[in-house]
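Please examine the structure shown here. The questions after it are meant for a student who is new to reading protein models.

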Amino acid sequence: MTALAVALAAPAFAPAALAQDAAAPAPAERKATELEGIKVTASRIPRSGFDTLEPATVVSSESVRERGMTNVADALNQTVGFGIGQTPEGGQANYAGGVNFVNRFGLGSNRTLTLVNGRRVVTSRALTNFGASAGAQVDLNAIPVQMIDRVENVAIGGAPTYGSDAIAGVVNVILKDRFQGVEANFNYGISDHGDNERLGYSFLAGADFADGRGNLMVGGSYDDSQGLLRSDRTDFARAYAFPANPNAAQMRANQPGRNPETDGRVHGNVPFDTGPNDGIPGTVLIRDARTFTNTFGGLVLPVSGAVTLPGGALRGFGPGERTYLQFAPNGNLVPFDPGVNFGTSTASGGQGLNTADITALLTSLKRQTVNVIGHYDVADNARLFVEAMHYHADAYSPSDIGTTGNTTAGTRLNSALIVQSTHPLLNDQARQQLSALGIRSFRLARTSADLGLTPDRTETDIDRIVVGARGDFELWSRPFDWEVSANYGRMQATTSSTALNQQNFINAINVRNVGGRLVCDPTAGNALYAASAGANSNPIADPNCVPLDLFGQGRPSAEAIRYVTGTARTDFEQKQKVFSAFVSGPVAELWSGPLNVALGYEHRIEEGGFSPNDFTRRGLGRAVAIPPLNGKYHTNEYYVETMLPLVSPDAGIPGLHRFDITGKFRRVDNSVNGGFNAYTYGLQWEPIEGLQIRGNKTRSLRAPVITELYLPQVELFQATSDPCDRRNVTGGPNPAARARNCAAFYQQYGLNPVDFQQNSANSRAARQGEPNLRNEAADSWTAGFVWQPEFVKGLRLAVDYNEVKLKDQIFAQSVNDVLSACYDNPDFNAGNVNTANYYCQQIQRRPDGQFDIVAVRYRNGDFIHFQGITGELAYRWDVGDWGRFDFSANALWVKRFESSTTGVSVDDDVGEIGMAERQYQFGVDYQKNKLGLNLNARYLSASVFNNENTVETSDVLRAPSYWLLGAGVNYRFTDNVRVNFAVQNLLDKDPPLGTTPSELGIGTYDILGRRYSMSVSYRFD
């Protein structure tokens, strides 16, 4: 038990009775507590009483359970000061199914260091370019709540104590150290909609042995959380989107009867756009958004020419080109309703593509854990200890349907197919319809959800063991503490899916009728790409080929499905080995107290591998070929910490009740990129008893990880916006520079600026690692006060200013990053636009000005600058026979959050969704005898969608302020039986209007609705 937990966890979160238990260890535990010493996170020097140099908060395991949560990450992600992390909500990043990474201050999940008992944990981040930001993030799913005592969160100052990654702060999960008896727990949860069922059970058993010199705990848990589809929640089922607001002149000319009040936009009072600077938004929020150029069964489009008519409506056949046809499940051609178009691919209403019924909103996740924790005192001043953990997880989509597309917006292998009207798999009715319209060939646009494809499924195993010894000794008649430990962790995971075999697909759709028998024939040429789509785009002879019918949803036969599918699988692992040793104690006795010093050494080895199977490595599906990756590095780290007391309370000096100076230094020698010096220096000054003024200056680092260093070149496709497109040339962060530089581009390529337009929404790119990356370096500081007045017992108030200035941020360039840095850059050689500056050299265009390939790399970027004020208030009010109240409040006021990757432009995120300027959390707990009640609230101030948006940009610019409430009740029927009931999102609050498109609000607002949970705990003594 540390003083930090006593000072923070009990008043702020834990029920009163439990807080008393926490503050006063049983006699059998006191000896262990004294041997362990009183330590706080981010320091190796034992302290007396609550004493942290850095701002700190605590979340107790009881507060997590009382709120109906089975994962401590869920509680942290709802805590002020934590930004959008990586969670099971929303579309899961590749190779990250179901993981829970936390993100302090929104600086990135890879800049928050997560520890268990002050020691590192192996990362669950796969060694791949795809997925969450590369780093050493720890999956908090792996740590079961029943083993947790509390979670200590320290802002900014952990780098000299722990090393890399502690730029934003440290999340230190403290596990129980001693337990006697057996405790079993059962929990069940369900949403107000009758879905998202959650079932779990756990046990914890422990016993002393050897006359109390040792203790052994064994715990196990199982948790099953059922996922959700987007169609399961109203705000996602409504399929909101922000497409282009049609041009008024085009509507008058091409759709004269169209009325904005009835065309599907949410705000019918917003008129059509008339041009720039007219005060009318260029994009509008619509409902029932669909892709009108695509269907599940197949859409028939003209074989050549534009996909849409002037004004953006779909181009069809017949008079006025307004006859639209699609394939029905029986193979017949039937009319198609494209809805009301907004732009050239999105419509409101109609029969276009809507994937809400097969797209995950919440990943299904099954978790199992086994933990063993033990210690044995081999002497009065020496203890052996062990921590062992096994974790298994199975993360999968609630839908078993995967898709692949051949669409008008797709590129290369995903582009629409050219089909001959004589294709033998067309039925008689379809041929007659085509013949009547004079259609000899057509484009087939189809999103195939009937080919037996499946979403990714990820199974993960994590094993971790820590062995060590700690104790104390006397030297020069002074007490010293010491500890040595060895830590080994291994994460192994497999991601697999059923994927389309592209070569077999193109083989199977080229079919000939031979004597009344349908057979695959590569010479048939009746279903091909319009142009070369690269490897595996032309049919070849294969005696195993089975004809594939794409003319209607559900038409493919089981035999054809087996032929055109394969298994995409990737095995990946991470290994971590850490040896650590430190000693601490008073090296001198000064006039004001002991001069404490801690010295330590740590050796760490990180290695990992990423091994796609042959199907994935060769790119036999529609995805790019993904190469394997293996890498390794190690560090040697030395550190020293000292606390110098200059004035002690015994001195009796007015205005100087206490004055301490702390200094920390850590040398990190990395086998890849050399050395780094991390340090902290700060002071704690108490002008009067109960009031502490504190501050620190810290230099911290994040070292590049294996993916960022060693990723082999991999091809990818990214959504792209060409700055020199006629629609974009007047925009950008520096419109004058863009216009000037694009004029040079037009001239060199002989293009007409009036009609030059990017012909594809996606561009091909190539990314690879960079072995010469520098460490990210952050200069940070905090300053604030802690007030615990004697005249108001139980009150604690802390307010701190926090600032982080990070330079050389490591980032994965996007195509748009490179394009903006090239064409928005004042440094531009107009004489040769292909080498006009560093970034322009990464862009390769074809002679017609369209993109060929863009090189995107891991690079050291420019900066991130964060400023914020954190506040915490805790008050315990004992009302005698009426019981006891615990009040808590936490706050974050964001003052600045600016970043720049290339240095060409600066992104200001303050006040945007995910970075609200004001973030508050409130809680009140009431305890009387066996009954406990709690109420919690979370507040986010109104936020804008993007600080660069104006009334010219969108009709919805901001989300209103947002309150989220939760409540719970617990009752102890006996000393051994306790029941908890909790409600999350008590008022069934929906996410604000407009925050569901592109999953913008996920991670910021509650998307699941009201949900209930109940747990029963039984303890056997």
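The following questions and answers concern a predicted model.

Q: Which residues touch the most other members of the largest nonpolar core?
A: In soluble globular proteins, nonpolar side chains tend to be buried together. The largest nonpolar core here holds 33 residues. Elements that each supply at least two of its residues include β12 (325-327), β21 (441-448) and α11 (558-564). The members that touch the most others are F327, F442 and L548.

Q: Leaving aside neighbours within four places in sequence, which residues are in contact with F442?
A: F442 is one of the core members that touch the most others. With neighbours within four places in sequence left aside, its contacts include V300, L301, V303, F327, L434 and F551.

Q: Which residues closest to the centre line the second largest cavity?
A: The second largest cavity contains about 330 Å³ of space. Its lining has 29 residues; by class, nine are nonpolar, 15 polar and five charged. Those closest to the centre are M69, T70, N185, N187 and D223.

Terms used. Residues are numbered from 1 along each chain as its sequence is written. This is a predicted model: local features need pLDDT of at least 70, side-chain atom pairs count only at pLDDT 80 or more; totals for chains, interfaces and linings use all residues. Side-chain values use heavy atoms; hydrogens and water are left out. A nonpolar core is a set of buried Ala, Val, Leu, Ile, Met, Phe, Trp, Tyr and Cys residues joined through side-chain atoms within 4.5 Å. Buried means under 20% relative accessible area, exposed over 50%, partly exposed in between (1.4 Å probe, protein chains only). Helices (H or I, at least four residues) and strands (E, at least two) are DSSP runs, numbered from the N terminus. Contact means heavy atoms within 4.5 Å. On a 1 Å grid over the protein atoms alone, a cavity is a set of points where a 1.4 Å probe fits but cannot get out, and a pocket is an open set with protein on both sides within 12 Å along at least five of seven lines; lining residues have an atom within 4 Å of a point. Grid points are joined across faces, edges and corners, and a volume is the space filled by probe spheres set on the points. Ala, Val, Leu, Ile, Met, Phe, Trp, Tyr, Cys and Pro count as nonpolar, Asp, Glu, Lys and Arg as charged, and the others, Gly among them, as polar.
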